[in-house]
There are 2 protein chains.
Amino acid sequence: MARSGRRPGDNDTRGEVLAAARATFADKGYHGATIRAIAAAADVDPALVHHYFGTKEDLFVAAVRLPMPPAEFADRIIGPGVDGAGERLAAAFFGVWEDPATRDALLSMLRGAFATDQGAAVLRDFFGTVLVRRLAGRLDGEDAELRMTLAAAHLVGVAVLRYVIRFPDLESASVDDLVALVGPRLQAYLG
Amino acid sequence: MARSGRRPGDNDTRGEVLAAARATFADKGYHGATIRAIAAAADVDPALVHHYFGTKEDLFVAAVRLPMPPAEFADRIIGPGVDGAGERLAAAFFGVWEDPATRDALLSMLRGAFATDQGAAVLRDFFGTVLVRRLAGRLDGEDAELRMTLAAAHLVGVAVLRYVIRFPDLESASVDDLVALVGPRLQAYLG
DNA sequence: GATCGATGTCATCGCCTGTTGACTTTCAAT
DNA sequence: ATTGAAAGTCAACAGGCGATGACATCGATC
């Protein structure tokens, strides 16, 4: 039985709560994830979650903040030029999704986008500011933004079916196969 | 003030409740839509919703049952052959999404897939049984199912960004433009 | 070694939810 | 006319939720 009061020794309880929030939001969605469940996963009193992060919405915003610099992400894709950007985009996208350090935050963001208006705004802003606007500016031809958005939509769709719905054919596919199949279709939008 | 007891005259209250459920599930998602809100939208007591449809899950299942024969849908796309199937698929897909009679049910299904495990199963089954398996069998080449699933994923992604997230570039695009842009990429998967 | 903020728990409040059972009114069949 | 099922409402319950404020403990500072 855990006593009351501060725990002895060095501990990063705040980080554990944040990790538990990411995992729970990713697994259950925004409404399905309760403060109590998050607190239990972090072995902590529910009140402590509020103490560190304020309201549930505040916690959600903290949970979906990615530990990833978006500018660098965009540069790595479009920096070498338009040629091969489709495959680089696909590889980078699935790379961060497969990375355990970023996966829960991405899943939380994606699922959260379906739960609340604020969650939708977060995703809209993420894709708009971080991805589409940054990459579409370097494309040639008409409707560059729309084409870039459609490329992003394709990636979102694969992420939805692979990581949320867990569609068997997609879940069992390897990242290499996905990149090889999806990359050329992205390239068709970009080129 | 509405009195108690049965209402006089001919009325399809059950249908109104179902329509209200579709609209509310589509707008707020599974958890965001409350029985009370659905009942209020149908101008009805919350208990009547249970009287007609049982539990909330039962109501959801009834709400996402599409007024659309899936077999005919698949035949219209692949019937004339693989040539041009990509554009036909895109046109049919956006057709049912733009149709007010089916849109709310589709939105409910899509949003519901993110809210509960059962919702995910519904979507998995819908795409798997209705779309992928039915169409993939008529394709040539290797990995027909995976390629068909990726085509479906692309469409899901566009639906997500256009109808749920309401991404501006996608929301303002016309169906014709979408079909013209997306169709060839689907064709690349099918052919 | 007293003090003070950071860390952490406890008990509880008010609210909203899905669901239920008793009751009332209308319609249709006898 | 009577009856019985269908349609519809009302009041309420039990449980879970997010959130709050008072309290307990620890670590560092002077």
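Before the first entry I note that an axis here is a line fitted to C-alpha atoms, for helices over the stretch in contact, and that angles run from 0 to 180 degrees between N-to-C directions. I also note that this is a predicted model.

**Entry: α1 and α7 of chain A**

I looked up helix α1 (residues 13–32) of chain A against helix α7 (residues 100–112) of chain A, and found that their axes come within 8 Å and cross at roughly 30 degrees. Angles under 35 degrees count as roughly parallel, and α1(A) and α7(A) are therefore roughly parallel to each other. I recorded the crossing of α1(A) and α7(A) as left-handed. On the α1(A) side the contact is made by Arg22(A), Ala23(A), Phe25(A), Ala26(A), Gly29(A) and Tyr30(A). On the α7(A) side I listed Asp104(A), Ala105(A), Leu107(A), Ser108(A), Arg111(A) and Gly112(A). By class, the residues of this contact of α1(A) with α7(A) are 6 nonpolar, 3 polar and 3 charged.

**Entry: α7 and α8 of chain A**

I then followed α7(A) to α8(A), where the axes come within 7 Å and cross at roughly 120 degrees. The two helices, α7(A) and α8(A), are therefore oblique to each other. Here Met109(A), Leu110(A) and Gly112(A) of α7(A) meet Gly119(A), Val122(A), Leu123(A) and Phe126(A) of α8(A).

**Entry: chain A as a whole**

I found 11 helices and 0 strands in chain A. The C-alpha trace of chain A spans about 65 × 35 × 30 Å along its principal axes. Of the 191 residues in chain A, 40% are buried. Taking contacts in chain A between residues at least 6 apart in sequence, I noted that 62% join residues at least 24 apart.

**Entry: the core**

I looked up the largest nonpolar core and found 121 residues in it. Those with the most contacts inside this core are Ala152(A), Val158(A), Ala152(B) and Val158(B). Leaving aside neighbours within four places in sequence, I saw Val158(B) in contact with Leu150(A), Ala153(A), Leu170(B), Leu178(B) and Val182(B).

**Entry: two single residues**

Is Ala74(B) buried or exposed? Ala74(B) is buried, because 20 other C-beta atoms lie within 10 Å, and 20 or more is the cut-off. I placed Ala74(B) in helix α5 (residues 70–78) of chain B. Not counting residues up to four places away in sequence, Ala74(B) touches Arg134(B) and Leu135(B). Ala74(B) and Leu131(B) are 57 residues apart in sequence and 6.9 Å apart in space, C-alpha to C-alpha.

I found Asn11(A) in the segment before α1 of chain A. Asn11(A) is exposed, because it has 10 other C-beta atoms within 10 Å, and 12 or fewer counts as exposed. From Asn11(A) to Val179(A) I noted 168 residues in sequence and 40 Å in space, C-alpha to C-alpha.

Key:
Residues are numbered from 1 along each chain as its sequence is written. Chains are lettered from A and ligands numbered from 1 in the order in which they are written. This is a predicted model: local features need pLDDT of at least 70, side-chain atom pairs count only at pLDDT 80 or more; totals for chains, interfaces and linings use all residues. Helices (H or I, at least four residues) and strands (E, at least two) are DSSP runs, numbered from the N terminus. Angles under 35 degrees count as roughly parallel, over 145 as roughly antiparallel, 65 to 115 as roughly perpendicular and the rest as oblique. A crossing is left-handed if the near helix is turned anticlockwise from the far one by less than a right angle, and right-handed if clockwise. Two residues are in contact if their C-beta atoms, placed from the backbone, lie within 7 Å. Ala, Val, Leu, Ile, Met, Phe, Trp, Tyr, Cys and Pro count as nonpolar, Asp, Glu, Lys and Arg as charged, and the others, Gly among them, as polar. A nonpolar core is a set of buried Ala, Val, Leu, Ile, Met, Phe, Trp, Tyr and Cys residues joined through C-beta atoms within 7 Å.
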